[in-house]
Amino acid sequence: MGDRIFRGVVAVLVRILYNPKVFFEGEPLKGRKLREPSIIVSNHTSHLDGPVLNTALRREKIHTLAAKDRFDQRGFGFFLRHTGCIPIDRQHADTSWIHEALKVMKVDGESVAIYPEGRHGSYRHQLPFHSGVSMLAVM
């Protein structure tokens, strides 16, 4: 219950500060929820990507993949834990994040957001994608 309230507070703050919008390509999709749990792939430009994505797609329950070492940071770690983020170890060949993401999608029926660049890029230059998004999609 506390995490839901925390997510709501973050969503209100993001809406006030950034007012994110979602534009659909096809008219039949306009205003709809995702029909099934999905993998949302996005470029990565800042720490605000996850909160903005969650606010823009507020009808969805989205779990964002985040660097495991960020969970150890004092304030930011609290934020990540209470907004449903899944830790991914970028330093070691740990696949526990895949199992957690699959559980979220198959058991909980919720979506997962991944930033395959692995770290912040810039608005002008997209970094090469890592293979994690492909592994998750195949599984």
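Reply: Begin with a single residue and place it in its element. This is a predicted model. Arg4 lies in helix α1, residues 2-18.

Me: Is Arg4 buried or exposed?

Reply: Arg4 is exposed, with a relative accessible area of 66%. The cut-off for exposed is over 50%.

Me: Which residue is 79 positions away from Arg4 along the chain, yet separated by 7.9 Å?

Reply: Thr83. The 7.9 Å runs between the C-alpha atoms of Arg4 and Thr83.

Me: Give me another case of that kind. Where is Glu60 placed?

Reply: Glu60 sits in the loop between α2 (49-56) and β2.

Me: Next, the strands. What should I look for in side-chain directions?

Reply: In a regular strand the side chains alternate between the two faces of the sheet. Now take β2, residues 62-67: six of its six residues are buried. Ile62, Thr64 and Ala66 are on one side. His63, Leu65 and Ala67 are on the other. Both faces of β2 are covered.

Me: Which strands pair with β2, and in what sense?

Reply: β4 pairs with β2 in the parallel sense, over three bridges. β3 pairs with β2 in the parallel sense too, also over three bridges. Thr64 stands opposite Ala113 in β4. Leu65 stands opposite Ile86 in β3.

Me: How does the chain get from β2 to β3?

Reply: Through α3. This β-α-β crossover is right-handed.

Me: Let me look at α3 itself. Which of its residues are buried?

Reply: Gly77, Phe79 and Leu80.

Me: What happens in the backbone just after α3?

Reply: Check phi at Gly84. Gly84 takes a positive value of about 80° there.

Me: Now the aromatic rings. How many aromatic pairs does a search of the whole structure find?

Reply: One. Phe76 and Phe79 form that pair, and it is stacked. The centres are 5.9 Å apart, with 15° between the planes. Stacked requires planes under 30 degrees apart.

Me: How are Phe76 and Phe79 placed along the helix?

Reply: They are three residues apart in α3 (residues 74-82), which means about one helical turn separates them.

Me: What about the nonpolar core?

Reply: In soluble globular proteins, nonpolar side chains tend to be buried together. Here the largest nonpolar core has twelve residues, among them Leu65, Ile86, Trp97, Met105, Val112 and Leu136. β3 (86-88), α4 (96-106) and β4 (111-114) are the elements that give two or more residues to this core.

Me: Which element gives the largest share?

Reply: α4, with six residues. There is also a second, separate core of seven residues, including Val10, Ala66, Phe71 and Leu80.

Me: Last, charges. How many salt bridges does the structure hold?

Reply: Two. In one, the side chains of Arg70 and Asp69 meet at 3.8 Å, N to O. In the other, Asp108 and Lys103 meet at 3.1 Å, N to O. The cut-off is within 4 Å.

Conventions
Residues numbered from 1 in each chain as written. Predicted model: local features only at pLDDT ≥ 70, side-chain atom pairs only at ≥ 80, totals over all residues. Heavy atoms only, no water. Phe/Tyr/Trp six-rings, centres within 6.5 Å; stacked < 30°, edge-to-face > 60°. Helix = DSSP H or I, 4+ residues; strand = E, 2+ residues; numbered from the N terminus. Core = buried A, V, L, I, M, F, W, Y, C linked by side-chain atoms within 4.5 Å. Buried < 20%, exposed > 50% of the residue type's maximum accessible area, 1.4 Å probe, protein only. Pairing = 2+ DSSP bridges. Right-handed = clockwise from strand over helix to strand, strands pointing away.
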